[in-house]
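Visitor: I am new here and would like a friendly tour. Could you show me the model and tell me what to look for?

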Amino acid sequence: MTVRELDAAGIHDPALRAAYTHCRGLNARHGKTYFLATRLLPVDRRPAVHALYGFARWADDIVDDLDSAATPAERGRALLALEAQLEAGLRREGATEPVIRALADTARRYGIDRVHFTDFLASMRSDLTVGGYASYEELGRYMHGSAAVIGLQMLPVLGTVTPREEAAPHAAALGVAFQLTNFLRDVGEDLDRGRLYLPAELLAAHGVDRERFEWSRRTGARDARITDVLRAAAAHNRAVYRDALPGIAMLAPVSRPCIRTAFVLYSGILDAVAADGYAVLHRRSVVPRRRRAVVALDGLVRAVAARAVSRRGEAAPVAEPSCASPSSRPRVAPEREEAL
């Protein structure tokens, strides 16, 4: 499958092929939901998405790896070294790190603005010193670099049927929606890292503070006010998904099934959190495997249809059906999934 993807993308240099293969492995191991959705893209676009994921994962691991004994200062130096390598790679100065090789090649192929990478690294650096946010406005400034730019990086790879600047706000919103979902799902783990991405104003509106969250995480005890905070955070997150939704119809038709699938799977995490009674301080909520299979099959059907239309050169409709839950369908056969 990797060979097919690389050949389709016109990536023939052996070292560059190895670099992209490395990024694909990172995506497959660490971003299972994201990787599943990526399989629905045309094969020639997948290596670029793997490269973008690999870079983001590398930076995130520098900041967040709980198994590392590195100090904040050491992590900061590692981020600066990563940024220097990125700049060298973008200047075609022979980057040796596989992730940087692949990312720089992707940025050149698709004309991705380098400011999206520098903004991302700026937010990663802030994670080393900032452990909380006063308001959604303040959190939004952080998420521009940590999440919105991810959507903007992806947009040239996905392609659009409208002017790119028209689709950009929706792409940015979807990046933010995905990250807000991660914040809600991982709130307990983030507390262990000394961070809370739920704004202090939201906690205060429900009569709790950060110390109460830390107490709940530490003791395993529940508090109805904390549940109210988490429920309100989920409602805010769903509003951001609604802002992002119109952007799916603005994408190239062959890219829509991938993003639609990611949309449904990630927003489905909010359903899983609610079904678990908002117990995210004590356990991680996951979308059931059968549900993921149903969504994947729905995406596969859409992807095959979109590719068939593209091969025939027909004009595909711009309107995209709602991202509501698809009806139950049988599991994808492994051999059919591998053929994507």
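Guide: Let us start with a term: a cavity is a set of grid points where a 1.4 Å probe fits but cannot get out, and its lining residues have an atom within 4 Å of a point. Please keep in mind that this is a predicted model.

Visitor: How much space lies in the largest cavity?
Guide: The whole structure was searched for cavities of 30 Å³ or more, and three were found. In the largest of them, the space comes to about 70 Å³.

Visitor: Which elements give two or more residues to the lining of the largest cavity?
Guide: The lining includes L180, F183 and L184, along with A233, H236 and N237. By kind, the lining has seven nonpolar residues, two polar and no charged. The elements you asked about are α9 and α13 (224-244).

Visitor: What covers the buried residues of α7?
Guide: Helix α7 spans residues 115-126, and its buried residues include F117, F120 and L121. Those three are also among the contacts of F55. The cover of the buried residues of α7 includes α4 (46-64), α5 (72-90), α6 (98-110) and α8 (136-158).

Methods
Residues are numbered from 1 along each chain as its sequence is written. This is a predicted model: local features need pLDDT of at least 70, side-chain atom pairs count only at pLDDT 80 or more; totals for chains, interfaces and linings use all residues. Side-chain values use heavy atoms; hydrogens and water are left out. Contact means heavy atoms within 4.5 Å. On a 1 Å grid over the protein atoms alone, a cavity is a set of points where a 1.4 Å probe fits but cannot get out, and a pocket is an open set with protein on both sides within 12 Å along at least five of seven lines; lining residues have an atom within 4 Å of a point. Grid points are joined across faces, edges and corners, and a volume is the space filled by probe spheres set on the points. Helices (H or I, at least four residues) and strands (E, at least two) are DSSP runs, numbered from the N terminus. Ala, Val, Leu, Ile, Met, Phe, Trp, Tyr, Cys and Pro count as nonpolar, Asp, Glu, Lys and Arg as charged, and the others, Gly among them, as polar. The expected span of a helix is 1.5 Å times one less than its number of residues. Buried means under 20% relative accessible area, exposed over 50%, partly exposed in between (1.4 Å probe, protein chains only). Lists of a residue's contacts leave out its neighbours within four places in sequence.
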